[in-house]
Amino acid sequence: MRYVIMADGKGSRWNNFLGHDKQEIRIDGETLLERTVRLVHENDPDAELIITSHNEDLNVPGARRYEPKNNVLEIDRFTAELIGDDMCFLYGDVLYSEAAVKAVINARGREPVLFFGSESSICAVLVRDGELFRRLYLEVRSLFLDGKIAECKGWQVYHLYASLPLMGRDIGSGYVVLDSFTRDFNTPEDYLEFTAQK
């Protein structure tokens, strides 16, 4: 299966804290990207991994870097030209547990799109039906550009898919809550809170 690790965000909330992008945070000697690539390969030896980023320094053995054609809005991290059937989007700023990676890789069922995360953060999207996911992505993007919604993120794509109100963090069908170890690092405070707990 193809896995796209989205690492082309602007990092405005991280603001180059620690002197590097948040994808280069080191936990137990590995960057977040190195850890994600390793865990995916350990659990899916036939995986094709792509890291989407314009940063030439984000090259990780076992994955190839791809420069997205469009990265204007936050939702554009889904890299429209890479959307297809039987693929998975992972987030470059997430510390995944091994259990979380296994849950995503081994997910079975009839859902054409399956979202994974916590009650506050989406951290993976398993796409079985690429055409459906592309339609959801384009509709959310269009609604935002037309001024009909205030945010244009993965949550809005999930809410559109699950027929939920487009704003908020409601969870319904098509969403798997992962273990509490898996977390994202959007701000320096997220990182400092995590390191204080270690």
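Q: Where is the place of serine 163?
A: Serine 163 sits in the loop between α4 and β10 (175-177). Helices (H or I, at least four residues) and strands (E, at least two) are DSSP runs, numbered from the N terminus. This is a predicted model, in which local features need pLDDT of at least 70 and side-chain atom pairs count only at pLDDT 80 or more, while totals for chains, interfaces and linings use all residues. Residues are numbered from 1 along each chain as its sequence is written, and side-chain values use heavy atoms, with hydrogens and water left out.

Q: What is the phi of serine 163?
A: Serine 163 is not a glycine, yet its phi is positive, at about 55°. Most residues other than glycine have a negative phi.

Q: Is serine 163 buried or exposed?
A: Serine 163 is exposed, with a relative accessible area of 67%. Buried means under 20% relative accessible area, exposed over 50%, and partly exposed in between (1.4 Å probe, protein chains only).

Q: Which threonine also has a positive phi?
A: Threonine 79 has a positive phi of about 50° and is not a glycine. Threonine 79 belongs to the loop between β5 (64-66) and β6 (87-91), and it is buried, with a relative accessible area of 1%.

Q: Back to α4: how many of its residues are buried?
A: Seven of the eight residues of α4 are buried, so the helix is largely enclosed by the rest of the structure. The buried residues are Gly154, Trp155, Gln156, Val157, Tyr158, His159 and Tyr161.

Q: And what do the buried residues of α4 pack against?
A: The buried residues of α4 pack against β6, β8 (113-117), β9 (122-127), α3 and β10. Contact here means heavy atoms within 4.5 Å.

Q: How do the axes of α3 and α4 cross?
A: The axes of helix α3 (residues 130-145) and helix α4 (residues 154-161) come within 9 Å and cross at roughly 115°. Axes are lines fitted to C-alpha atoms, for helices over the stretch in contact, and angles run from 0 to 180 degrees between N-to-C directions. The crossing is right-handed; a crossing is left-handed if the near helix is turned anticlockwise from the far one by less than a right angle, and right-handed if clockwise.

Q: Which residues make the contact?
A: From α3 the contact uses Leu132, Phe133, Leu136, Tyr137, Glu139 and Val140, and from α4 it uses Gln156, Val157, Leu160 and Tyr161. These residues divide into eight nonpolar, one polar and one charged. Ala, Val, Leu, Ile, Met, Phe, Trp, Tyr, Cys and Pro count as nonpolar, Asp, Glu, Lys and Arg as charged, and the others, Gly among them, as polar.

Q: New topic: how many aromatic pairs are in the whole structure?
A: A search finds eight aromatic pairs. Rings of Phe, Tyr and Trp (its six-membered ring) pair if their centres lie within 6.5 Å; planes under 30 degrees apart count as stacked, over 60 as edge-to-face and the rest as tilted. One of the pairs joins phenylalanine 78 and phenylalanine 89, edge-to-face at 5.1 Å centre to centre with 80° between the planes.

Q: Where do phenylalanine 78 and phenylalanine 89 lie?
A: Phenylalanine 78 lies in the loop between β5 and β6 and phenylalanine 89 in strand β6, so the pair ties together parts that are 11 residues apart in sequence. Phenylalanine 78 is buried at a relative accessible area of 3%, and phenylalanine 89 is buried at 0%.

Q: What pair do tryptophan 155 and tyrosine 158 form?
A: Tryptophan 155 and tyrosine 158 form an edge-to-face aromatic pair, 6.2 Å centre to centre with 75° between the planes. Both lie in helix α4, three residues apart, about one turn of the helix.

Q: Which residues do ring pairs link into a cluster?
A: The cluster comprises Phe115, Trp155, Tyr158, Tyr161 and Tyr175.
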